[in-house]
Amino acid sequence: MVMENVTDIPLLLLSNSTTIETPHNFDSIIHYMMVFTIVSYSITFLLGTLGNGIVIGICTFKMTKTVNVIWFLNLAIADFIFDLCLPLHIRSNAMDGYWLFGGFLCKISNMALYLNMLASISFLVVISIDRCVSVLYPFWSRRHRRPSLACKVAFVIWMWSVILSSPYLAFYDTVDVSEYNYTFCFESYAVPIEDFSEKGFNIMRMRHRVMIITRVVTMFIIPFTIIIICYGAIAVKIRQRPCHRTSSRPFRIIITILVLFFICWFPFHSLPLMDLREDALWPSDVLMVAVTLATCLAYLNSCLNPILYFFMGRDFKDMFRLNILSVFEKAFNEEQSLATFDSRSPPKSSCEVESCML
């Protein structure tokens with residue numbers, strides 16, 4: 001199960017490993033994992049808000065609203081809002097899991113995390129599809145690829161993300177633990193604290209399984225499959241071009257995108273799946289460390305996109321000498337990434353266009 005804090009109550013309530021004896025050094029493991037989580041979340045928050053904030057500012061005030069700019073602007077907004085939610089969880093971890101922001105923020109902050117996580121992944125998928133269509137069907141793309149259509153697609157993605165993340169408004173709640181004089185924010189799955197009986201646990205476990213499976217399918221299996229297909233098709237297409245046979249740059253970009261997506265999201269989704277097995281007995285200390293590392297790695301993905309824009313921009317060595325606005329303008333410049341199929345003005349070579357699209 002994925003925990004928001006290393007002391008998350010659902011781990012104790014729902015995990016199959018609760019029957020396993022807690023190791024004698026469990027308290028020290030919790031402490032080190034809390035420290036690691038605070039440091040990781042803080043780095044993600046600082047890099048994410050700075051990087052995505054710059055992208056939002058440039059896309060909003062300095063650039064023409066082309067299709068690419070609309071994609072990257074919405075992706076940056078999703079990542080930026082996600083990062084803004086992290087300070088609440090940083091503070092909670094710093095106070096040993098104690099939640100002092102009330103039930104409303106417990107619900108809203110966790111829904112916002114999943115909403116913007118889903119939106120971010122969805123926009124990565126749309127960007128992959130858009131690039132694939134632009135490379136494979138340039139004539140069709142030139143005629144039908146319009147900012148107005150991109151805005152409609154972006155609206156659908158946000159609505160889709162809101163619908164899928166809305167259950168977390170009901171599923172997250174606060175609970176007062178008198179034994180520790182603490183208030184926790186955790187996934188109660190809409191089961192009142194007074195119903196924490198065997199029947200209540202069974203309801204929680206069932207809803208937990210449904211949400212985990214839904215999350216894995218919608219946030220990893222389907223997106224990763226689409227991204228692989230899209231970039232695989234792009235790789236096959238550009239490999240047929242003679243000028244790409246001596247250049248490995250497009251393939252390095254494709255491999256980097258796929259590897260980063262897999263590394264960031266596979267542990268985050270695979271650990272909860274494995275814990276759903278009835279015969280899966282996880283030592284509590286191993287589960288604690290694995291889930292904490294996987295969650296921090298997944299959250300770190302929200303600050304990687306601006307870095308990728310910068311370092312994967314065309315002619316990075318030349319752009320490095322320019323100011324930050326010029327760097328992002330070149331990274332987003334759609335005029336260099338779309339073929340110009342006009343009989344009066346021949347387009348650049350298809351190899352150059354495809355390379356820019358990556």
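A salt bridge here is a side-chain nitrogen of Lys or Arg within 4 Å of a carboxyl oxygen of Asp or Glu. I started with that one.

**Ground rules.** I am working on a predicted model, where local features need pLDDT of at least 70, side-chain atom pairs count only at pLDDT 80 or more, and totals for chains, interfaces and linings use all residues. Residues are numbered from 1 along each chain as its sequence is written, and side-chain values use heavy atoms, with hydrogens and water left out.

**Salt bridge.** I searched the whole structure and got one salt bridge. The side chains of Asp130 and Arg145 make it, at 2.5 Å from N to O. The pair links distant parts of the chain, 15 residues apart: Asp130 sits in helix H5 (residues 102-136), and Arg145 in the loop between helix H6 (138-144) and helix H7 (147-165). Helices (H or I, at least four residues) and strands (E, at least two) are DSSP runs, numbered from the N terminus. I also looked up burial, and both Asp130 and Arg145 are buried. My cut-offs: buried is under 20% relative accessible area, exposed is over 50%, and partly exposed is in between (1.4 Å probe, protein chains only).

**Whole chain.** I counted 15 helices and two strands. Of the 358 residues, 49% are buried. The chain exposes about 17200 Å², with carbon and sulfur atoms supplying 66% of it; these areas come from the Shrake-Rupley method with a 1.4 Å probe, and for residues only the protein chains shown count as cover. For contacts (heavy atoms within 4.5 Å), I took those with a separation of 6 or more, and 76% of them join residues 24 or more positions apart.

**Helix H3.** Next I checked H3, residues 67-84. Its 18 residues reach 26 Å from first C-alpha to last, close to the 26 Å expected (1.5 Å times one less than the number of residues). H3 is mostly covered, with 14 of its 18 residues buried. I picked Asn74, which is in H3. It counts as buried because its relative accessibility is 12%. Beyond its neighbours within four places in sequence, Asn74 touches Phe123, Ala154 and Trp158.

**Aromatic rings.** Rings of Phe, Tyr and Trp (its six-membered ring) pair if their centres lie within 6.5 Å; planes under 30 degrees apart are stacked, over 60 edge-to-face, and the rest tilted. By this rule I get 15 aromatic pairs. One of them, Trp99 with Phe101, is edge-to-face at 5.1 Å centre to centre and 80 degrees between the planes. Trp99 is buried at 2%, while Phe101 is partly exposed at 24%. Phe262 and Phe266 count as stacked because their centres are 4.7 Å apart and their planes at 10 degrees. Both lie in helix H10 (residues 249-275), four residues apart, about one turn of the helix. Phe262 is partly exposed at 34%, and Phe266 is partly exposed at 36%.

**Nonpolar patch.** Last, the surface. Patches take residues with over 30% relative accessible area and no salt bridge; like charges are joined within 9 Å, and nonpolar side chains (Val, Leu, Ile, Met, Phe, Trp, Tyr) within 5 Å. I found Val35, Val39, Ile43, Leu47 and Ile307 in a nonpolar patch, with about 380 Å² of accessible area together. Helix H2 (residues 26-61) gives the largest share, four residues. Ile307 is in helix H12 (residues 304-311), and is partly exposed at 35% relative accessibility.
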